[in-house]
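Me: I'd like to learn how to read a few features in a model like this one. Could you take me through them one at a time?

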Amino acid sequence: MRVIGLTGGIASGKSTVSYILKSLGAVIIDADKVARKVVEPGQPAWQDIVKEFGQQVLNEDMTINREVLGKLVFSDQSLLAKLNRITHPRVIEYFREELARLARENPEAVVVLDVPLLFESGMFRMADEIWVVWADEKAQLERLMEREGFTPEEAWQRIRAQMPLEEKARRADRVINNSGTLDETVEQTTRFFYETISAHDDKIKEKKR
């Protein structure tokens, strides 16, 4: 099994690359979806969040109001750190269990760990190689304002809350430049995917000799 750690900056286009990889046959484990799962009402992480941040972060149906919680934590780095300490261990545990299951049931799979905070959470250690989706800050800012309706200040808060994208790119095995057209992103992603499979197959053949 080959494990790719996929990350990038907020609004850099990581979800687009993840979708392309899925269409090529990769198995995607999406940290955002897992994060929503572990904070469902009654789950341990949900209980810890309510205890830490209060009833103000809940919707009427008792689910977490992500918009309210986001405004709280992205305006205060200490609160963001507290939230991460609550959620990250549960997300990591889920990923480990899912990787173990896939190793048993689908050992030939190419698995993509789609994780925004891949480096910050330490989850890069689970991957055989790291891919970073890169876009310039101007593109990130414009996409956040258009997609989420953020003010420029709110958008910058989200961007600056993460590790600088240039640092992520420096630590990556492969960097996908998503500042161009969709066709260019598809071409880069497809080429990298098949290069990864080819290199993995070559290593297996070498071990068998």
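This is a predicted model: local features need pLDDT of at least 70, side-chain atom pairs count only at pLDDT 80 or more; totals for chains, interfaces and linings use all residues.

Me: Which ring does F119 pair with, and how do I read the geometry?

Reply: Rings of Phe, Tyr and Trp (its six-membered ring) pair if their centres lie within 6.5 Å; planes under 30 degrees apart are stacked, over 60 edge-to-face, and the rest tilted. That rule gives 3 aromatic pairs here. In one of them, F119 joins F124 in a tilted arrangement, 5.7 Å centre to centre with 40° between the planes. F124 has a relative accessible area of 24%, so it counts as partly exposed.

Me: Why is the pair of W131 and F192 called edge-to-face?

Reply: Because the planes of W131 and F192 sit at 75°, with the ring centres 5.9 Å apart. Helices (H or I, at least four residues) and strands (E, at least two) are DSSP runs, numbered from the N terminus. W131 belongs to strand β4 (residues 129-134) and F192 to helix α9 (residues 182-208), so this pair ties together parts 61 residues apart in sequence. Both W131 and F192 are buried.

Me: Which charged residues sit over a ring?

Reply: The test is that NZ of Lys or CZ of Arg lies within 6 Å of the ring centre and within 35 degrees of the ring normal. R158 has its charged end over the ring of F150, 4.4 Å from the centre. F124 turns up again here: R171 lies over its face, at 5.3 Å from the ring centre.

Me: How do I read the largest pocket, and what is its volume?

Reply: Rolling a probe the size of a water molecule over the atoms shows where empty space is left. On a 1 Å grid over the protein atoms alone, a pocket is an open set of points where a 1.4 Å probe fits, with protein on both sides within 12 Å along at least five of seven lines; lining residues have an atom within 4 Å of a point. Grid points are joined across faces, edges and corners, and the volume is the space filled by probe spheres set on them. For the largest pocket that is about 1500 Å³. It has 45 lining residues, and the closest to its centre are I10, D32, R66, F74 and P116.

Me: And the second largest pocket: which element gives the most to its lining?

Reply: That's α2, with 5 residues. This pocket has a volume of about 350 Å³, and among its 18 lining residues K22, I28, I29, D30 and K33 are the closest to the centre.

Definitions and conventions: Residues are numbered from 1 along each chain as its sequence is written. Side-chain values use heavy atoms; hydrogens and water are left out. Buried means under 20% relative accessible area, exposed over 50%, partly exposed in between (1.4 Å probe, protein chains only).
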